[in-house]
Amino acid sequence: MKPAMIVQVQRSFKDVAPIADAIGTTFYDRLFEVHPDLRPLFPDDIPAQAKKLVQTLAMIVNSLHRLDAIHPEIEALACRHKDYGVVDDHYTMVGEALIWTLEHHLGKAFTPQIKLAWQTAYNVLADLMIYAANQPTLRLRLRR
């Protein structure tokens, strides 16, 4: 990921922080509207889940310039998602809902360049998670 894209994602995330609750709620509303079959994968308490989503997103966005430092957290997150029943195709669905949510809330500030930066960042993360989730030895090691 190009450094300029990382800066774009991190700067635009500063606009997300003040509306974090709305971002989380809108994300799950959109995800379940478009993909109702994914609802059973999530706990009943969506407001709490939405807070976790935004907290995790903040941690990742703030670490985009040094993903290697949070690689163990990404691997563990991927393995937990696999245990919840997440499959590779779900990452595309989640990515679409995330980008839609950001575009919805940020409006004109979500320029085509910022959108591309977010899509790139999400795809990098999704690729890392998919890879980690599909490594049986890693999943066994993380369960111990």
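The largest pocket has a volume of about 780 Å³. A pocket here is an open set of points, on a 1 Å grid over the protein atoms alone, where a 1.4 Å probe fits, with protein on both sides within 12 Å along at least five of seven lines; lining residues have an atom within 4 Å of a point. Grid points are joined across faces, edges and corners, and the volume is the space filled by probe spheres set on the points.

This is a predicted model, in which local features need pLDDT of at least 70 and side-chain atom pairs count only at pLDDT 80 or more, while totals for chains, interfaces and linings use all residues. Residues are numbered from 1 along each chain as its sequence is written, and side-chain values use heavy atoms, without hydrogens and water.

Of its 30 lining residues, Tyr-28, Gln-49, Leu-53, Leu-77 and His-81 are the closest to the centre. Helix 3 gives the most to the lining, seven residues. Helices are DSSP runs of H or I, at least four residues, numbered from the N terminus.

Now helix 1. Which of its residues are buried? They are Met-5, Ile-6, Val-9, Ser-12, Phe-13 and Val-16, buried being under 20% relative accessible area and exposed over 50%, with a 1.4 Å probe and protein chains only. Down the axis of helix 1 these fall within an arc of 140°, taken from the directions from axis to C-beta atoms, so they line one face. On the other side, Pro-3, Ala-4, Arg-11 and Lys-14 are exposed.

Key
Helix = DSSP H or I, 4+ residues; strand = E, 2+ residues; numbered from the N terminus.
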